Amino acid sequence: MLGASLVLAPAALANFLTPKSGAQPANEIHSLYMIVLYIAAVVFAVVEGALFYSVYKFRAKKGAVAAQIHGNTRLEIGWTVGAAVILVVLTTVTFIKLPGIINPPNSSANGLSLSGGVLTASTTEPSPPNGKKLVICITGRQFIWAYYYGSGCESDPYSSKVAYSYQEMYVPANTTIVLHIESLDVIHSWWVPSLGGKVDAVPGYTTYTWFKASKVGALYHGQCAELCGRLHAAMTALVKVLTPAAWQQWLTQQKAWIAAQEQQVLTLRKQLIANGNLTANLS
Amino acid sequence: MSASDTALRPVPQVIAHEVPKPRETNKWVDWITTTDHKKIGIMYLVLTFVFFCLGGIEALMMRLQLSVPNNTLLTPEHYNELLTMHGTTMIFLFVVPVMAGFGNYFVPLMIGARDMAFPRLNALSFWLLLFGGIVFYFSLFFTPPEAGWWSYPPLSSILYSTSGGQDAWIFLIHLTGISSLIGAINFYATIVNMRAPGMGWGRLPLFVWSVLIYAILLIIALPVVGAAVTMLLTDRHFGTHFFDPTDHGSPLLWQHLFWFFGHPEVYIMILPGFGMISEIIPVFSRKPIFGYKAIAAATCVIAFLAVLVWGHHMFASPLPVVVMGFFMLSSFLIAIPTGVKIFNWIATLWRGSIVMTTSLYFAVGFIAIFIIGGITGIFLAVFPIDWQLNDTYFVVAHFHYVLMGGAVFTVFSGLYYWYPKITGRLMNETLGKWSFWIMFWGFNMTFFVQHALGLSGMPRRIYTYPPGVGWSTYNLISTIGSFILGLGILLTFINVFRSLKVGAIAGPDPWKGNTLEWFTTSPPPANNFDVIPRVRSVEPMRDIRRQIERDTGVTQKTGGSEQFAGA
């Protein structure tokens with residue numbers, strides 16, 4: 001087993017790192033993770049080394065007498081301060097990296113062209129410096145994610161006639177996308193590792209996150225990360241990155257399909273009412 | 001022998017002896033009606049180890065289900081029930097009460113007391129624990145709870161968890177909560193009031209320090225969860241809406257209340273284990289503990305910070321960034337006293353003459369494992385990194401490194417150390433070391449790869465996963481490891497039962513211990529001590545041995561220790 005694990009080690013090592021995919025903020029989180037990992041590796045090696053060396057070196061031997069040491073104040077202060085210094089370094093690094101993780105950048109020139117400067121009342125909603133962003137509203141429910149595309153989705157997605165899709169999300173590349181996340185029933189957690197960190201969908205709250213993906217054609221897997229019931233494992237998500245032009249096309253197509261489906265339902269409903277199988281209670 | 005007789009003896013000398021039983025009663029009646037802290041301690045230990053086995057079987061069933069992708073061994077419903085029962089059992093019915101078991105047996109002995117402060121309250125603590133466990137496990141015959149040991153509403157509300165299993169869970173928290181609470185008050189009263197003459201706060205054994213802080217943390221944290229589950233109960237059945245988002249309630253309120261209890265709970269579970277290690281390492285290093293005051297102070301600092309870090313369980317919840325920053329810093333701070341303890345243990349081993357007993361193996365194994373759990377804890381405290389790691393197998397790996405290390409390995413270390421005192425016989429060292437190595441490698445095989453699973457995107461609490469996403473190999477390794485771990489644990493159980501009959505007679509002090517429990521016979525008589533010696537240092541037994549050597553000129557041989565040649 002040891003031999004096999006040595007052979008597999010290089011390939012397996014990548015699995016011990018957070019995802020790095022070319023999408024923000026996953027990349028920013030990855031670079032912060034790497035710094036913490038290097039510091040942690042040194043601490044790990046030193047402390048485990050000291051432990052195993054002492055146990056190996058000071059095993060009882062004939063005639064050996066244990067040194068009767070009760071403590072050493074200078075040493076105690078030394079390692080307390082040492083530990084504190086490492087943590088100060090980690091805190092500093094985190095706060096240096098933090099803006100890149102929580103503040104979205106502007107969309108790139110080859111991204112979707114958006115109208116800008118939409119003011120939001122929320123102080124927690126992330127927004128790029130020029131205010132130009134594509135808003136997608138996510139609604140979690142047992143056991144599927146629904147996505148509503150474009151502004152107006154936060155008020156009433158049905159009357160504002162925005163396009164929607166389930167489970168598979170389509171996004172334009174190189175565009176700053178801000179997500180509004182809500183839940184209809186229990187707590188869910190939105191998470192696509194290759195795009196960024198997770199955000200809980202808590203009923204009664206709206207939470208926010210953002211991402212900006214650059215790889216056209218990429219398909220990212222995600223999964224609900226908060227136990228939401230028996231089929232929690234089935235609550236998956238897929239994010240497909242398209243060129244802005246292809247995305248516009250998809251959006252138009254999706255709207256047309258939704259309109260056609262609604263028309264069909266309406267026709268069916270009229271038929272059912274005419275047959276007396278359904279009561280007409282529409283105002 | 002009269003009291004004046006014992007007073008005239010050249011102090012100190014081991015002079016405890018059996019006190020004849022007042023009357024012959026039925027053995028079973030005797031156990032049920034007992035208020036003797038030692039018998040209650042033994043019942044605690046037996047009961048909690050039964051729950052440990054149940055929780056372990058639940059874990060193995062979950063690992064079997066996850067061993068291969070798209071497995072259909074368990075239904076999603078049963079999987080959720082198992083994860084709820086495993087977490088709840090291990091936390092409320094094993095780790096917290098097993099520490100109370102050791103505390104019950106050894107705190108009075110270590111401080112030179114003849115029983116706990118409130119013996120009948122002590123018995124009540126045990127019986128409430130038993131009934132809490134029964135109420136919970138009887139839901140197996142109906143519908144067990146399936147909202148997890150953290151039971152977040154709205155999933156745990158009547159709308160989404162309709163069965164009475166959730167209510168059984170609530171009553172378990174109530175019953176074991178009251179059990180632990182009165183137990184904690186009892187420990188506090190005992191330690192504050194009943195110490196041997198001369199045992200000031202600076203001479204209190206470190207295990208007793210840790211039980212004292214354990215008791216204080218329980219008194220702070222338990223009422224909060226007690227209130228929270230009562231609110232959940234009234235939400236479910238009596239029309240309140242504390243956590244109901246459709247009626248101006250807040251699911252987030254539950255998270256704050258639950259984790260305000262939940263994080264101190266982590267320290268409630270590991271501090272007594274830390275205390276055991278602080279007793280065991282000096283004994284087997286033949287050295288005084290390095291930095292007694294620093295370790296005692298670190299215990300107090302950890303307890304203080306423990307109530308300031310609950311928000312790090314909620315980094316993915318709607319919290320302002322400033323609040324997350326606060327909880328990151330407070331979680332960082334707690335690493336300092338924890339690090340201080342680890343450094344002090346290593347410094348205690350340093351330049352010692354280390355007797356390689358099974359108990360010491362488990363103690364060192366604990367430190368080795370706990371270091372990894374501590375370091376991964378730093379990753380999780382950095383909240384932007386936690387956004388990637390929270391609710392994944394990385395967290396599962398992290399807290400098993402902390403709790404299997406901090407509670408199970410320490411409890412096993414304590415078991416091998418104190419078994420001779422409880423039973424009068426030594427456990428088999430060869431079998432013990434086999435058990436240790438199998439547990440150690442099985443443990444690392446099970447949980448180390450889970451870091452990688454979490455980092456490659458596997459969330460917790462999913463009952464199955466598709467093939468081809470890169471999780472299959474690690475899950476199989478983890479499952480095989482979990483059965484190896486189970487085998488290692490089984491060997492120690494076999495050792496425990498076998499040694500009851502065939503173990504070598506231990507004598508009062510097989511290890512050359514430092515603390516007063518080794519002053520009396522093994523097992524101790526009903527009243528513990530005929531005479532309680534005056535305590536002059538942190539290591540009263542060492543002083544006693546020295547004085548006897550001075551008085552008699554004979555090197556003190558200790559019962560059973562001859563088998564550890566060279567020691």
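How many residues does the largest nonpolar core have, and which of them have the most contacts inside it? I would like to start there, keeping in mind that what we are looking at is a predicted model. The largest nonpolar core has 254 residues, and those with the most contacts inside it are A:Ile136, B:Val95 and B:Val208. From chain A, this core draws at least three residues from each of domain 1, which covers 17-53 and 77-102, and domain 2, which covers 134-271. As for B:Val208, if we leave aside its neighbours within four places in sequence, its contacts are B:Val107, B:Met110, B:Ile111 and B:Ile191.

Let me turn to chain B as a whole. Chain B contains 16 helices and zero strands, and its C-alpha atoms fill a box of roughly 75 × 45 × 45 Å along the principal axes. A compact globule of 567 residues would have a radius of gyration near 24 Å, and chain B, at 24 Å, agrees with that. Buried residues account for 60% of the 567 residues in this chain, and, among contacts between residues at least 6 apart in sequence, 83% join residues at least 24 apart.

B:Thr48 is buried because 23 other C-beta atoms lie within 10 Å, where 20 or more are needed to count as buried. The C-alpha atoms of B:Thr48 and B:Val98 are separated by 5.7 Å, although the two residues are 50 apart along the chain. Beyond its neighbours within four places in sequence, B:Thr48 is in contact with B:Leu93, B:Phe94, B:Pro97, B:Val98 and B:Gly101.

Next, please look at helix α13 of chain B, residues 393-423, where a kink of about 45° lies at B:Tyr417, shortly before the proline B:Pro420. This helix is mostly covered, with 28 of its 31 residues buried, and just after α13(B) comes B:Gly424, which takes a positive phi of about 85°.

How do the two chains meet? In this model, 70 residues of chain B are in contact with 69 residues of chain A. Several helices give two or more residues to the chain B side, including α4 (76-110), α8 (251-285) and α14 (429-455), while the largest share, eleven residues, comes from α10(B). By residue type, the side of chain B that touches chain A divides into 47 nonpolar, 17 polar and six charged.

Within chain A, the centres of domain 1 and domain 2 are separated by 34 Å, taken over C-alpha atoms. The contact between these domains takes eight residues from domain 1 and ten residues from domain 2, and the domain 1 side of it has five nonpolar, three polar and no charged residues.

In chain A, the peptide bond from A:Gln24 to A:Pro25 is cis, and A:Pro25 lies in the loop between α1 and α2. Another cis peptide bond joins A:Gln142 and A:Phe143, with A:Phe143 in the loop between β1 and β2 of chain A. In chain B, B:Asn70, which is not a glycine, has a positive phi of about 50° and counts as exposed, with 9 C-beta neighbours inside 10 Å. B:Ser151, also not a glycine, has a positive phi of about 45°, but B:Ser151 counts as buried, with 25 C-beta neighbours inside 10 Å.

Methods: Residues are numbered from 1 along each chain as its sequence is written. Chains are lettered from A and ligands numbered from 1 in the order in which they are written. This is a predicted model: local features need pLDDT of at least 70, side-chain atom pairs count only at pLDDT 80 or more; totals for chains, interfaces and linings use all residues. Helices (H or I, at least four residues) and strands (E, at least two) are DSSP runs, numbered from the N terminus. The radius of gyration is taken over C-alpha atoms; the globule rule is 2.2 Å times the number of residues to the power 0.38. A residue is buried if 20 or more other C-beta atoms lie within 10 Å of its own, exposed if 12 or fewer, and partly exposed in between; C-beta atoms are placed from the backbone. Two residues are in contact if their C-beta atoms, placed from the backbone, lie within 7 Å. Domain bounds come from an automatic or database domain assignment. Ala, Val, Leu, Ile, Met, Phe, Trp, Tyr, Cys and Pro count as nonpolar, Asp, Glu, Lys and Arg as charged, and the others, Gly among them, as polar. A nonpolar core is a set of buried Ala, Val, Leu, Ile, Met, Phe, Trp, Tyr and Cys residues joined through C-beta atoms within 7 Å. The bend at a residue is the angle between axes fitted to the seven residues ending there and the seven starting there.
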